[in-house]
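Please open the model in a viewer that can select residues by number and display side chains.

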Amino acid sequence: MERKQSVPFQGTKEQEAQLLSVIQELKNEKGSLMTIMQRAQDIYGYLPIEVQTIIADGLEIPLEKVYGVATFYSQFNLNPKGKYQISVCLGTACYVKGSGDIYNKLMEKLGIKGGECTPDGKFSLDACRCVGACGLAPVMMINDEVYGRLTVDDLDGILEKYQ
């Protein structure tokens, strides 16, 4: 299995205490795993293996079960998200107008693959299927800011605004 480049885990003792409190509060409730995982992601921003291990140990269940849930549901992130979350639409309208080239160029410029975060924690990159702005194709979003009618040549100027 290929391991994605990632920012090293930097959880604090306060975060761990908060998670252990959540586990203690909910562990005897039937079907609490999803709720605990959601709360853990709220605490840490994502679910690295270290957090999954705390959950598994706290619930006395196999780590594989926690990992299986984390990888099955798209709401869970196994990698941290950057301060600036870049999402490139690869839906049909955007793709036929060149969003694949934009996505590839961003991977090259940022030095990361899709789903990863830059080592400084500034940018993360993901693909999405449609942002509902097909008339502006190709489109990408940085956090809540939409950029449309993009070309590869636009990327340097856009990224500079976030440096």
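Select Gln41 and Gln75 to begin: the side chain of Gln41 reaches the backbone oxygen of Gln75 at 2.8 Å. This is a polar contact, that is, a pair of N or O atoms within 3.5 Å, where within protein one must be able to donate a hydrogen and the other to accept it, and residues adjacent in sequence count only if both atoms are side-chain atoms. The model is a predicted one, in which local features need pLDDT of at least 70 and side-chain atom pairs count only at pLDDT 80 or more, while totals for chains, interfaces and linings use all residues. Residues are numbered from 1 along each chain as its sequence is written, and side-chain values use heavy atoms, with hydrogens and water left out.

Gln41 belongs to helix α2; helices (H or I, at least four residues) and strands (E, at least two) are DSSP runs, numbered from the N terminus. Is Gln41 buried or exposed? Gln41 counts as buried, because its relative accessibility is 13%; buried means under 20% relative accessible area, exposed over 50%, and partly exposed in between (1.4 Å probe, protein chains only). Apart from neighbours within four places in sequence, Gln41 is in contact with Tyr46, Leu47, Gln75, Phe76 and Asn77, where contact means heavy atoms within 4.5 Å.

**The nonpolar cores**

Next, select Leu19, Ile23, Leu33, Ile36, Met37, Val51 and Ile55. These residues have the most contacts inside the largest nonpolar core, which has 20 residues. Such a core is a set of buried Ala, Val, Leu, Ile, Met, Phe, Trp, Tyr and Cys residues joined through side-chain atoms within 4.5 Å. The elements that give two or more residues to this core are α1 (13-26), α2 (33-44), α3 (49-59) and α4 (63-72). Helix α2 gives the most, with 6 residues. In soluble globular proteins, nonpolar side chains tend to be buried together.

Centre the view on Val51. Not counting residues up to four places away in sequence, Val51 touches Phe9, Leu19, Ala40 and Tyr44. Then move to Leu90, Tyr103, Leu110 and Tyr147, which are included in a second, separate core of 19 residues.

**Aromatic rings**

The structure holds 4 aromatic pairs. Rings of Phe, Tyr and Trp (its six-membered ring) pair if their centres lie within 6.5 Å; planes under 30 degrees apart count as stacked, over 60 as edge-to-face and the rest as tilted. Select Phe9 and Tyr44, which form a tilted pair at 5.8 Å centre to centre, with 35 degrees between the planes. Phe9 lies in the segment before α1 and Tyr44 in helix α2, so the pair ties together parts that are 35 residues apart in sequence. Phe9 is partly exposed, with a relative accessible area of 30%, whereas Tyr44 counts as buried at 11% relative accessibility. Now select Tyr84, Phe123 and Tyr162, which form one aromatic cluster.

**Salt bridges**

How many salt bridges does a search of the whole structure find? The search finds 5 salt bridges, each being a side-chain nitrogen of Lys or Arg within 4 Å of a carboxyl oxygen of Asp or Glu.

- Select Lys13 and Glu16: the closest N and O atoms of this salt bridge are 3.9 Å apart. The two residues are separated by about one helical turn, because they are 3 residues apart in helix α1. Lys13 is exposed, with a relative accessible area of 66%, and Glu16 is partly exposed at 27%.
- Select Lys105 and Glu108: their closest N and O atoms are 3.3 Å apart. They too lie about one helical turn from each other, being 3 residues apart in helix α6 (residues 99-110).
- Select Asp156 and Lys109: their side chains meet in a salt bridge at 2.6 Å, N to O. Asp156 lies in helix α7 (residues 155-160) and Lys109 in helix α6, so this pair ties together parts that are 47 residues apart in sequence.

**The whole model**

Finally, zoom out and colour by secondary structure. The protein comes to 7 helices and 4 strands, and from the N terminus on its elements run α-α-α-α-β-α-α-β-β-β-α. Its C-alpha trace spans about 55 × 30 × 30 Å along the principal axes. Buried residues make up 42% of the 163 residues.
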